[in-house]
Amino acid sequence: MAYLMLVHRGLRRERVFRDRLNPFDCYDDTDLFKKYRFNRGGIMHIIDNLAGQLEHRTNRSHAVPASLQVFIALRFYATGSVLDNSAAMHGISVATCSRVVRRVTKALCQLRNEYIKFPCTQEDVRNTQVKFHNIAQFPHVVGVVDGTHVCLSGAPLGEEEYVYVNRKGRHSINVQIISNAEFKITNIVARWPGSTHDSRILQNSIIGQKFANGTLEGILLGDSGYALHPWLMTPVLNPDNRAQRAYNQSHSRTRATVEQVNGQLKNKFRCLIGQGLQMSPIRAGDVIVACAVLHNISKDLHQPDVEFHMEEDHDWQLPLEHAPCGAAARARLIEYHFM
């Protein structure tokens with residue numbers, strides 16, 4: 001019996017550990033940014049922020065170090081390719097790559113409240129309003145809101161598959177983004193199926209409820225797909241005088257900020273465009289939030305934006321019925337500021 005156990009142990013295949021790439025040793029700043037969307041300093045900043053959550057307790061079984069975990073996840077976010085690409089590039093298996101991306105994504109999501117902040121204090125609200133006013137003289141704005149779709153490719157959707165089908169017949173998550181005048185994301189909601197109306201997402205979000213009950217000051221700007229409220233200004237359809245046209249022009253120039261943020265986010269992190277994310281909606285939502293955190297880190301560190309152009313793919317929707325008090329508030333705003 002002991003002899004058979006020794007034979008079996010001898011025949012057992014020895015574990016093979018692949019040589020792993022250290023990108024810091026292989027690439028200069030230009031190549032690092034091209035492959036990972038951050039330069040050397042930016043990547044080091046991310047590693048320093050996540051190392052405590054990513055480091056394994058021991059090096060048993062040739063554990064992947066925190067720095068390499070960050071590189072693996074950044075490569076996945078940047079390319080939007082399947083996991084095979086990042087796995088082969090860094091000398092790990094696809095299964096390990098999947099676990100690493102999930103681990104880094106969860107770590108980034110835990111930094112959400114640190115990097116994605118909506119202005120709440122009087123000082124922050126005032127500073128935000130001034131910066132928005134400097135764009136096109138639109139008063140009282142504390143955020144611009146828009147919805148953008150992130151497709152799901154081959155995701156396990158189960159019996160609720162139909163609710164993820166958007167107006168273009170694709171499976172997606174409808175993501176709400178609110179940005180400030182400095183192209184930073186101040187609020188993101190990434191859990192609603194693609195068939196959900198933008199206005200419904202906002203009204204059911206924490207931000208929307210706080211505006212509705214008067215907890216938050218200022219106003220948001222949204223496109224004509226949103227319902228008009230005293231705290232949410234939308235364009236005037238078919239303006240018939242100079243003041244309304246001036247209002248629409250100022251509204252459009254100011255709200256363009258969030259459209260640029262959508263484009264910058266998806267240009268930088270290509271996993272959010274094209275065929276989309278090949279994972280469950282919950283995990284896909286976490287990846288979207290992780291990319292939003294990285295977007296704001298990039299802005300804080302003054303990292304360059306990706307230099308190719310992507311035209312934002314709008315999903316226009318018919319507006320919901322406007323609240324009478326919203327129409328009255330907009331009329332007063334036009335009269336006092338755009339006459």
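Of the 339 residues in the chain, 51% are buried (under 20% relative accessible area with a 1.4 Å probe, protein chains only). Welcome to a predicted model, in which local features need pLDDT of at least 70, side-chain atom pairs count only at pLDDT 80 or more, and totals for chains, interfaces and linings use all residues. Residues are numbered from 1 along each chain as its sequence is written, and side-chain values use heavy atoms, leaving out hydrogens and water.

**Overall build**
- The chain holds 14 helices and five strands, taken as DSSP runs (H or I of at least four residues for helices, E of at least two for strands) numbered from the N terminus.

**Nonpolar cores**
- A nonpolar core is a set of buried Ala, Val, Leu, Ile, Met, Phe, Trp, Tyr and Cys residues joined through side-chain atoms within 4.5 Å.
- The largest has 79 residues, and Tyr77 and Leu277 touch the most other members.
- Helix H13 (residues 281-300) gives the most to this core, with 10 residues.
- A second, separate core of 13 residues includes Ile178, Ile207, Leu216 and Trp231.

**Around Leu277**
- Beyond neighbours within four places in sequence, Leu277 is in contact with residues including Phe76, Val150, Leu272 and Ile288; contact means heavy atoms within 4.5 Å.

**The second largest cavity**
- Its lining consists of Thr148, Val150, Val175, Leu265, Lys266, Leu272 and Ile288; lining residues have an atom within 4 Å of a point on a 1 Å grid where a 1.4 Å probe fits but cannot get out.
- Strand E1 (141-151) and helix H12 (242-268) each supply at least two of the lining residues.

Methods
On a 1 Å grid over the protein atoms alone, a cavity is a set of points where a 1.4 Å probe fits but cannot get out, and a pocket is an open set with protein on both sides within 12 Å along at least five of seven lines; lining residues have an atom within 4 Å of a point. Buried means under 20% relative accessible area, exposed over 50%, partly exposed in between (1.4 Å probe, protein chains only).
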